[in-house]
Amino acid sequence: MNLLRETVISSEQFQKECQGTYFKLYYIFDVLNLLCLQGQLDRVPLMLNLDRQGKRVLASANFLKTPRQRKPFCFIEIRLIPCAALSTGCFLGVMLHEMNHIWDFQHARPAKHDKEFYDRMSGVGYNDKQMTFQENSLFAQSIDFIFRQQLQLRDGLNMLCSYPGSKPDWDEIQFYRTYLERVLSLKRRPPATSRVTDLWGIDRETEQEKNHRKAILRKENIR
């Protein structure tokens, strides 16, 4: 028995912080979606890879013809170890890159690095090849908004890095479902003063979001 592994996973505090970190990642996904992709992207599960090998890949968008190994057909996989060392701006750039692949998939475009792929990111002020951004751009607004939330994301990612395995044993799909349920259960808020404060779109699309979530779970065969 791996005592460290058993201790970590059995810790109620670890599970709480683990779920909180996933929620922050989904929150970042939603901010980028709203500001940089006009809210046109469907939410997809986020999966973590704790592989400690020296691969240069930071994250990947995955598309499966059928669900397998408890994984949904469409998801973003984040390599936790290298991403935990990134600045907020660089990490948001990595997320935006993979979200653009999801955008191509959801709009029936080839998932490749072509001109349209890079133009879509440069159009919101992010230079994907150089991992830089323009001031006062939509991408810069995303960074500023996330930074002001004081999410302490790096602390959460480093905490998960302490897990002594290569694949998470916690239920990532359950975190995804819980996040969707929490978003849908938010109470009605006063009219938003900006697009960002209306982050969840609950006031306008509660029923639509609910139906969309159910459709996602049916399509992905998530039990």
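User: In this predicted model, what makes Phe23, Tyr26, Tyr176 and Tyr179 a cluster?

Analyst: Ring pairs link these four residues, Phe23, Tyr26, Tyr176 and Tyr179. Two rings pair if their centres lie within 6.5 Å. By this rule the count comes to 8 aromatic pairs.

User: Why is the pair of Phe117 and Tyr118 called edge-to-face?

Analyst: The ring centres of Phe117 and Tyr118 lie 5.4 Å apart, with 85° between the planes.

User: Is Phe117 buried or exposed, and how do you know?

Analyst: Phe117 has a relative accessibility of 0%. Buried means under 20%, so Phe117 counts as buried.

User: Why is Tyr118 called partly exposed?

Analyst: The relative accessibility of Tyr118 is 23%. Buried requires under 20% and exposed over 50%; Tyr118 therefore falls in between and counts as partly exposed.

User: What makes the charged end of Lys129 count as sitting over the ring of Tyr118?

Analyst: The charged end of Lys129 is 4.8 Å from the centre of the Tyr118 ring. The limit is 6 Å, together with an angle within 35 degrees of the ring normal.

User: Why are Cys36 and Cys161 each called buried?

Analyst: Cys36 has 3% relative accessibility, and Cys161 has 16%. Each value is under 20%, so each residue counts as buried.

User: Which residues of helix α6 are buried, and what covers them?

Analyst: In α6, residues 138-148, the buried residues are Phe139, Ala140, Ser142, Ile143, Phe145 and Ile146. Their cover includes helices α2 (12-36) and α4 (88-106), as well as strands β4 (126-127) and β5 (132-133). After α6 comes Gln150, with a positive phi near 50°.

User: What part of the contacts joins residues 24 or more positions apart?

Analyst: Such residues account for 71% of the contacts with a separation of 6 or more. The protein has 9 helices and 5 strands, and buried residues make up 48% of its 223 residues.

Technical notes: Residues are numbered from 1 along each chain as its sequence is written. This is a predicted model: local features need pLDDT of at least 70, side-chain atom pairs count only at pLDDT 80 or more; totals for chains, interfaces and linings use all residues. Side-chain values use heavy atoms; hydrogens and water are left out. Rings of Phe, Tyr and Trp (its six-membered ring) pair if their centres lie within 6.5 Å; planes under 30 degrees apart count as stacked, over 60 as edge-to-face and the rest as tilted. Buried means under 20% relative accessible area, exposed over 50%, partly exposed in between (1.4 Å probe, protein chains only). Helices (H or I, at least four residues) and strands (E, at least two) are DSSP runs, numbered from the N terminus. Contact means heavy atoms within 4.5 Å.
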